[in-house]
Amino acid sequence: MIKLLFSCYIVTVSNTKTIVILLKQYFSKHIIHTVEADQGEEFSKFSSKKELDLDFLERRHHQQNATDVKEEACSPVETSPEYMDLIKIILLGAPTVGKTSIIQQFVLNQFQEDYLPTDRKYTYYPTVITNERWYKVKISDLPVIPYFPVNSFYEWANYRYYGLRSATAYILVFDLSNIDTFQYIKTLREQICESRNMQNVPVLVVGNKEDLIVPDDAPTAGSKPAIANTSEEKRRDIVNLVKKHWKCGYIECSAKYNWRVMHLFKELMNMIENVSSRDQSPMLDNIQEALDRNKCVVI
């Protein structure tokens with residue numbers, strides 16, 4: 001049985017610390033504890049909790065003062081909700097076209113001479129600053145996929161955790177020294193367009209291994225293997241198809257010598273920013289659509 005004897009006091013103070021001290025003195029003088037033998041342990045726990053409650057008031061007072069001082073010492077920094085956006089980029093292409101070499105050259109600034117096929121998913125998280133804006137980029141290096149999943153069911157069943165249908169942008173890589181590898185990304189792009197809405201999803205086609213392409217009349221080094229540029233007409237057809245019909249970006253590079261590797265990612269980020277700005281101005285879509293049809297539009 002607990003008996004609490006209280007006396008009523010009216011105290012007018014302006015300092016929180018003074019209130020805490022008065023409360024401690026009051027409870028220490030006027031609280032009488034009468035505890036039965038079988039409830040002694042439970043009451044001791046109860047008593048300690050009440051003491052902690054009083055100390056909490058004093059700690060909160062000091063913490064509030066420390067927070068005020070800290071806020072005054074720090075210079076105000078205006079934070080923007082668009083400070084850092086996550087961009088998910090996926091590289092796709094036939095085997096041995098150099099997808100991993102492009103990523104490692106961009107992220108790690110290194111190139112491996114020995115070919116090691118990608119047997120599982122590898123993810124890189126570089127930070128990119130372009131046009132005074134920060135982006136957290138997630139680049140996925142995937143094994144060669146025989147087909148692009150047509151819906152979420154096939155993606156979950158066969159390509160779980162790949163994130164194929166939720167990418168922000170795609171980089172389709174083929175080998176300039178082997179034009180047949182372009183047919184792979186051509187088929188893959190058709191499957192991607194059938195699988196998801198590609199209106200606001202940038203696609204950049206990259207021709208890698210430009211260092212292996214030399215003009216027909218150019219002298220070649222004795223120890224450096226090179227492929228004569230006998231398929232120049234096929235390359236022009238590819239560029240025409242990608243730019244005029246697919247409406248995609250196109251860049252040729254060399255991951256081995258780091259030729260235009262940085263430029264291709266910069267071009268992709270510009271494409272992503274253009275899509276974002278177009279989302280904020282739907283009228284631009286109507287104007288562009290009318291220009292594509294060679295018609296007029298009412299603004």
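This is a predicted model: local features need pLDDT of at least 70, side-chain atom pairs count only at pLDDT 80 or more; totals for chains, interfaces and linings use all residues.
Helix α5 (residues 181–195) has 15 residues that should span 21 Å at 1.5 Å a residue, and its end C-alpha atoms are 22 Å apart, which agrees; the expected span is 1.5 Å times one less than the number of residues. Residues are numbered from 1 along each chain as its sequence is written, and side-chain values use heavy atoms, with hydrogens and water left out.

The buried residues of α5 are Thr181, Phe182, Ile185, Leu188, Arg189, Ile192 and Ser195, where buried means under 20% relative accessible area, exposed means over 50%, and partly exposed lies in between (1.4 Å probe, protein chains only). They cover an arc of only 140° around the axis, which puts them on the same side of α5; the arc is that of the directions from the helix axis to the C-beta atoms. An α-helix has 3.6 residues a turn, so residues three or four places apart point the same way.

Helix α6 (residues 232–245) has 14 residues and reaches 19 Å from its first C-alpha to its last, close to the 20 Å expected at 1.5 Å a residue. Its buried residues are Arg235, Ile238 and Val242. Seen down the axis of α6, these buried residues fall within an arc of 60°, so they line one face of the helix. On the other side of α6, Glu233, Lys244 and His245 are exposed, and the helix is followed by Lys247, whose phi is positive, near 60°.

A search of the whole structure finds four salt bridges, each being a side-chain nitrogen of Lys or Arg within 4 Å of a carboxyl oxygen of Asp or Glu.

| Pair | N to O distance |
|---|---|
| Arg260 and Glu210 | 2.2 Å |

Arg260 forms a salt bridge with Glu210. Arg260 lies in the loop between β11 (249–252) and α7 (261–280) and Glu210 in the loop between β8 (203–208) and β9 (213–214), so the pair ties together parts that are 50 residues apart in sequence. Arg260 is partly exposed, with a relative accessible area of 39%, whereas Glu210 is buried at 18%.

Being three residues apart in helix α6, Arg235 and Glu232 are separated by about one helical turn; Arg235 is buried at 11% relative accessibility, and Glu232 is partly exposed at 29%. Glu252 is buried, with a relative accessible area of 15%. Salt bridges that share partners join Glu232, Arg235 and Glu252 into one network.

For the protein chain, the secondary structure comes to eight helices and 11 strands, taken as DSSP runs (helices H or I, at least four residues; strands E, at least two) numbered from the N terminus. Buried residues make up 31% of the 299 residues. Among contacts (heavy atoms within 4.5 Å) between residues at least 6 apart in sequence, 65% join residues at least 24 apart.
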